[in-house]
Each structure stands twice: as C-alpha cells, then as structure tokens.
Amino acid sequence: AVTRTFSIIKPDATRRNLTGAVTNMLEKAGLRVVASKRIHMTKEQAEGFYAVHKERPFFGELVDFMISGPVVVQVLEGEDAVARNRKIMGATNPADADQGTIRKELAESIEANTVHGSDSDENAAIEIAYFFDESEIVG
Ligand code: CMP
C-alpha cells in the first residue's frame, strides 16, 4: 500500500549542502516528497521529538547535534514508505550501512548520520503530526 513516513535531513547534511543529494536518493528509491520545510529546531522541540531516547547516554549529545544547525523535515510517500525509506537510509551507524545507502555514501558518524526516518507506521504518524499540519501535506 502507498503509505507515508517522516524524514529529517540532519545538520551534518545541511552544513555540507547535501539536501538535494539526499532528496535525490530518496526520490530514486521511489519516495515522493509531499511536504518539506527547513527549520532550526529549538532545544525543547528536539528534546520532545527524541523523548523516547531520553534515558540513553547519548541523549544530550543527540539533542545538541540536532540543534547545531538547520534541518529539513519531510513527509515522504510511497509503496511501503517506512520500509522503503529505512532501506535507502541504511544502518544507523554508517560503518554498518550497505553500499549505495544514504548513510554509507554520505554520513559522517553514528551521531552525524545525515538522515532520520520513522521506524513504524505508528511512529510515522506521530512524527509527521509533530512537525506538520495536514494542510501542509500535498500529495
Ligand atoms: P535517529 O534515527 O535520528 O534516532 C536516534 C539517533 O540517535 C540516531 O538516529 C543516531 O543518530 C543517534 N544515535 C544512536 N546511537 C548513538 C550513539 N551510540 N551515539 C550517538 N548517537 C547515537
């Protein structure tokens, strides 16, 4: 089925002027950008977004990194969008990512790993709603 997922192009990618390169890889993988905006997250926004990770040892660093520069938040649509996006992103740690994936080709480290993508349809809906009104999504 055609579904939606949520993506963030992270500060390491905006800093290196790679938003087009990342988006091109998403599109080539069969995903369609149906909403997109460039934002600089506040600390509160980043902490809320990553609330599920708040007990992790890297939480503080993760939040600091995500507010270190602008990001591009996107809604992606496609056949099995969550799985399709996870496949093109590659493993969280670029050292473990397959050839041809965004993280293998572009990411700098496990923290500066270029993209975020939802891990389930349920979380995709929550994450999309965190950043977008339905009226901003144009299929
Ligand atoms: P993301 O998909 O955005 O969700 C949580 C993020 O935490 C993850 O991508 C990584 O960038 C980051 N992360 C995961 N594990 C570590 C780690 N061991 N050290 C630093 N950051 C991490």
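UniProt positions are given here in the numbering used for this structure, with feature names shortened, and such annotations may be inferred rather than shown by experiment. With that in mind, begin by selecting residues 2-139, which the UniProt annotation "domain: Nucleoside diphosphate kinase-like", from an unreviewed entry, covers.

Before going further, note that this is a predicted model, in which local features need pLDDT of at least 70 and side-chain atom pairs count only at pLDDT 80 or more, while totals for chains, interfaces and linings use all residues. Residues are numbered from 1 along each chain as its sequence is written, and side-chain values use heavy atoms, with hydrogens and water left out.

**The whole selection**

Switch to a cartoon view, in which helices (H or I, at least four residues) and strands (E, at least two) are DSSP runs numbered from the N terminus. Over residues 2-139 the chain is 40% helix and 20% strand, and the C-alpha atoms at the ends are 11 Å apart.

**The sheet**

Next, select the strands, where two strands pair if DSSP finds at least two bridges between them. Four strands form an open sheet in the order β2-β3-β1-β4, and their pairing is antiparallel. At the edges are β2 (32-39) and β4 (115-117), each of which pairs on one side only. From one strand to the next, the twist averages 20°.

Strands of a sheet pair through backbone hydrogen bonds, either parallel or antiparallel. Here β1 and β3 pair in the antiparallel sense over eight bridges, and if you select V2 you will find E79 of β3 standing opposite. On another pairing, three bridges join strand β1 (residues 2-9) to β4, and S7 has G117 in β4 as its bridge partner.

Is H116 buried or exposed? H116 is buried, with a relative accessible area of 12%, where buried means under 20% relative accessible area, exposed over 50% and partly exposed in between (1.4 Å probe, protein chains only). Not counting residues up to four places away in sequence, H116 touches several residues, including F6, F49, R103 and E127, where contact means heavy atoms within 4.5 Å.

Move on to E127, which lies in helix α7 (residues 121-131). E127 is buried yet has no salt bridge, and the nearest side chain of opposite charge, R86, is 8.3 Å away. In this count Lys and Arg are positive and Asp and Glu negative, while His and the chain ends are not counted. A salt bridge is a side-chain nitrogen of Lys or Arg within 4 Å of a carboxyl oxygen of Asp or Glu.

**Salt bridges**

A search of the whole structure finds five salt bridges. Show E134 and R4, which form one of them, with their closest N and O atoms 2.9 Å apart. This pair links distant parts of the chain, since E134 is in the segment after α7 and R4 in strand β1, 130 residues apart. E134 is exposed, at 55% relative accessible area, whereas R4 counts as partly exposed at 27%.

Finally, show E136 and K37, whose side chains meet in a salt bridge (3.1 Å, N to O). E136 lies in the segment after α7 and K37 in strand β2, so the pair ties together parts that are 99 residues apart in sequence.

How values were computed: Axes are lines fitted to C-alpha atoms, for helices over the stretch in contact, and angles run from 0 to 180 degrees between N-to-C directions.
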